[in-house]
Amino acid sequence: MKLRTRVFLALSTVLFTPAASLLAQDPDKPAWQQMRNVPHGAVQRFEYRSKSINKAREAIVYLPPGYDRGTDRYPVLYLLHGAGGDESIWNQRMQANVILDNLIADGELGPLIVVMPHGFTNRIPTDQRPRAAGAYKAEMEEFAVDFVSDLVPLVESRYRVVADRAHRAIAGNSMNGSQSLAIGLTHPEMFSSVTSFSAAMQIANSAAWGGIDMDATLANADAINELDMLWVGCGTEDGLFNVNKLFSEQLSEAGIDHTFRVTPGAHTPAVWSRYLHEVTPQLFQR
């Protein structure tokens, strides 16, 4: 399949005045998640053929306001999704592009590129996907190989990113909060920051689910402590809170510096939106 990038949705990167219906305020969302009359980034669909796993792959890419008119290079955040969604869910359910637009407009976040890949390597409807270890193992292992061997190099060849560790970060929620940890902690030379939101920890630390040998990985504490930030967050009403707390304790016992962010909330988009809003301004600060 020929490599290509096609526009999926492009918002004007000049001062953009959305229709009144788009600017209508949602009383259930905080101010930082409301679409405002500020410059908007562009959102594109990125399609490619993964050579490492021989499969067609897709990602959604957020480009900051003004990207199409300039020559600057930008840091890149790889933002991964949970088991109940696909590459589009961060924008559809958590309004990631709106959050980023507002943070950039308010001067709280420097312009950046955000890549949101499809977290599975096979297209199966969510309600038909088995939720068992065997069903996840091959896909999680394939995802990690594709991510490192194909996705990152292709993004760096097709978009104006600063292609070094200091300008590359990874984050994710739930299923792929675990993948963020698994990939980030086994490749600390690739990332300046590794963050997870409500991680389904078995996908990070159980080989049966496609996870890594966490004890062996954390034994490399000196390399992991070179990260600018290792951030683990979970809501206290989340069924995954205890396993995330145990993971934080495991990190501490291994002598690894990190932040364990405890907030109210369950396993919901509202929590993950809040974490994205909180974490992104902390990236690429050094």
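At roughly what angle do the axes of helix α4 (residues 133–158) and helix α5 (residues 175–186) cross, and within what distance do they come? I began my notes with this pair, bearing in mind that the model is predicted.

**Entry: α4 and α5**

I looked up the two axes and found that they come within 11 Å and cross at roughly 50°. An angle under 35 degrees would have counted as roughly parallel, and α4 and α5 are therefore oblique to each other. I also noted the handedness of this crossing, which is right-handed. On the α4 side I listed Tyr 136, Met 140, Phe 143, Ala 144, Phe 147 and Val 148 as the residues that make the contact, and on the α5 side Met 175, Asn 176, Gln 179 and Ile 183. Sorted by class, the residues of this contact give 8 nonpolar and 2 polar, with no charged residue among them.

**Entry: α3 and α10**

I then turned to helix α3 (residues 96–105), whose axis comes within 10 Å of that of α10 and crosses it at roughly 30°. Angles under 35 degrees count as roughly parallel, which makes α3 roughly parallel to α10. The crossing of α3 with α10 is right-handed. I wrote down Ala 96, Ile 99 and Leu 103 as the residues of α3 that meet Ser 273, Leu 276 and His 277 of α10. The class count for this contact came out as 4 nonpolar and 2 polar residues, with no charged ones.

**Entry: the largest pocket**

Which residues lie nearest the centre of the largest pocket? I found Gly 82, Ala 83, Gly 84, Ser 174 and His 267 in that position, out of a lining of 20 residues. The volume I recorded for this pocket is about 340 Å³.

Notes:
Residues are numbered from 1 along each chain as its sequence is written. This is a predicted model: local features need pLDDT of at least 70, side-chain atom pairs count only at pLDDT 80 or more; totals for chains, interfaces and linings use all residues. Side-chain values use heavy atoms; hydrogens and water are left out. On a 1 Å grid over the protein atoms alone, a cavity is a set of points where a 1.4 Å probe fits but cannot get out, and a pocket is an open set with protein on both sides within 12 Å along at least five of seven lines; lining residues have an atom within 4 Å of a point. Grid points are joined across faces, edges and corners, and a volume is the space filled by probe spheres set on the points. Axes are lines fitted to C-alpha atoms, for helices over the stretch in contact, and angles run from 0 to 180 degrees between N-to-C directions. Helices (H or I, at least four residues) and strands (E, at least two) are DSSP runs, numbered from the N terminus. Angles under 35 degrees count as roughly parallel, over 145 as roughly antiparallel, 65 to 115 as roughly perpendicular and the rest as oblique. A crossing is left-handed if the near helix is turned anticlockwise from the far one by less than a right angle, and right-handed if clockwise. Contact means heavy atoms within 4.5 Å. Ala, Val, Leu, Ile, Met, Phe, Trp, Tyr, Cys and Pro count as nonpolar, Asp, Glu, Lys and Arg as charged, and the others, Gly among them, as polar.
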